[in-house]
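Please read it with the structure open.

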Amino acid sequence: MITIKHKIQEKYDRIAFAYDLFIGLIDISIRTPRLELFKGLHGRILDVAGGTGANLQYIPAHCQITAIDLSEKMLDVYQVKAKKEERTVKTLIMDAEELRFPDESFDGIVETNALCTLPNPVTALKEMNRVCRPGGDIILIDHGCSSISQLRFWQNRLANCWLRISYCHLNREPIELVKAADLTIRKNSRQLAGIFSMIHATKSN
Ligand SMILES: C[S@@+](CC[C@H](N)C(=O)[O-])C[C@H]1O[C@@H](n2cnc3c(N)ncnc32)[C@H](O)[C@@H]1O
C-alpha cells in the first residue's frame with residue numbers, strides 16, 4: 001500500500017536536485033536570527049528531516065552531526081555539501097516519527113521547515129524530546145500563519161490546494177505543536193511577517 005510517507009519521500013526524491021534554489025531565498029531572509037539561534041549548539045547534534053543540509057552552515061564546526069530524512073536523494077545532496085565544506089556528517093534514512101536512537105543520545109536537536117510536512121508533527125517532536133539529553137537544546141524553525149491578517153487570509157484560502165500539490169501545510173502553527181508535545185519553550189521569535197517561528201526549546205522532563 002502506498003502511504004502518505006511514500007508519497008512525501010518520492011516527491012522529495014524528485015525535487016532534491018533543485019530544492020536549494022527554492023530554500024535559498026528563505027534562507028537569506030532569516031539568516032541573522034538563524035545564526036544567533038544555532039550558535040550555542042555543541043556536541044552531538046541530530047538534524048531531523050535534514051533534507052539537503054540547509055542547516056549545515058549554521059551548525060558550529062565542532063559539532064558531530066547526524067542527519068535523518070525519508071528521502072535518500074535529499075540526503076545525497078547533504079553529503080555532497082558536507083564534503084565540499086570538509087565536514088563529516090552521518091546521514092541515515094529514517095522516519096522522524098520513529099527515531100531509531102536510544103533515549104538521550106544527542107546534546108542538541110535541530111529541525112527546520114519540516115513540521116509543515118510531517119504527517120504527525122507532535123509525535124516527531126516527542127521523539128526529538130526523547131532522544132535529547134536533559135537540558136539539551138531543541139532548535140526549531142518552521143513556517144505558519146502570518147501575523148498580517150491579509151496574508152493569513154490567503155494562507156488559509158490556499159492551504160488545501162497547496163497541501164494537495166506539495167504535502168505542505170501552509171497554516172499549521174509551530175508553537176502550538178511544540179506546546180502539544182510538551183517541550184519546554186525558552187524563546188520564540190517571529191520573522192518575515194510573522195510567518196517563521198524561531199523556537200529555542202529544551203527537553204522537558
Ligand atoms: C521542506 S523540507 C526541509 C528540509 C530541511 N530541513 C531544510 O530546512 O531545508 C522537508 C523535509 O522533510 C522530510 N520528511 C518529511 N516527512 C518526514 C518524515 N516522516 N521523516 C523524516 N523526514 C521527513 C522530507 O523528505 C524533506 O527533506
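The residues of the shell around the ligand divide into twelve nonpolar, five polar and two charged. Here Ala, Val, Leu, Ile, Met, Phe, Trp, Tyr, Cys and Pro count as nonpolar, Asp, Glu, Lys and Arg as charged, and the others, Gly among them, as polar. The model is predicted: local features need pLDDT of at least 70, side-chain atom pairs count only at pLDDT 80 or more, and totals for chains, interfaces and linings use all residues. Residues are numbered from 1 along each chain as its sequence is written, and side-chain values use heavy atoms, with hydrogens and water left out.

**Ligand contacts**

The shell holds 19 residues, each with a heavy atom within 4 Å of the ligand. Tyr19, Ala49, Asp69, Ala96 and Thr112 come nearest. The table lists polar contacts (pairs of N or O atoms within 3.5 Å; within protein, one must be able to donate a hydrogen and the other to accept it, and residues adjacent in sequence count only if both atoms are side-chain atoms).

| Residue and its N or O atom | Ligand atom | Distance |
|---|---|---|
| Asp69, side chain | oxygen | 2.5 Å |
| Thr112, side chain | oxygen | 2.6 Å |
| Ala49, backbone | nitrogen | 2.9 Å |

The protein covers 98% of the 590 Å² of accessible area that the ligand has on its own (Shrake-Rupley method, 1.4 Å probe). Helix H1 (4-15) and helix H2 (19-29) are the elements that give two or more residues to the shell. Helices (H or I, at least four residues) and strands (E, at least two) are DSSP runs, numbered from the N terminus.

**The largest pocket**

The ligand sits in the largest pocket, as more than half of its atoms lie within 2 Å of the grid points. On a 1 Å grid over the protein atoms alone, a pocket is an open set with protein on both sides within 12 Å along at least five of seven lines; a cavity is a set of points where a 1.4 Å probe fits but cannot get out; lining residues have an atom within 4 Å of a point.

This pocket has a volume of about 740 Å³. Its lining counts 43 residues, and Tyr12, Tyr19, Asn113, Cys116 and Thr117 are the closest to its centre. H1 gives the most to this lining, with six residues. The lining divides into 24 nonpolar, 14 polar and five charged residues.

**The cavity**

There is one cavity of 30 Å³ or more. The largest cavity holds about 40 Å³ of space. Among its lining residues are Cys116, Asp142, His143 and Arg172. Strand E5 (132-143) and helix H7 (174-180) are the elements that give two or more residues to this lining.

Definitions and conventions. Points joined across faces, edges and corners; volume = space filled by probe spheres on them.
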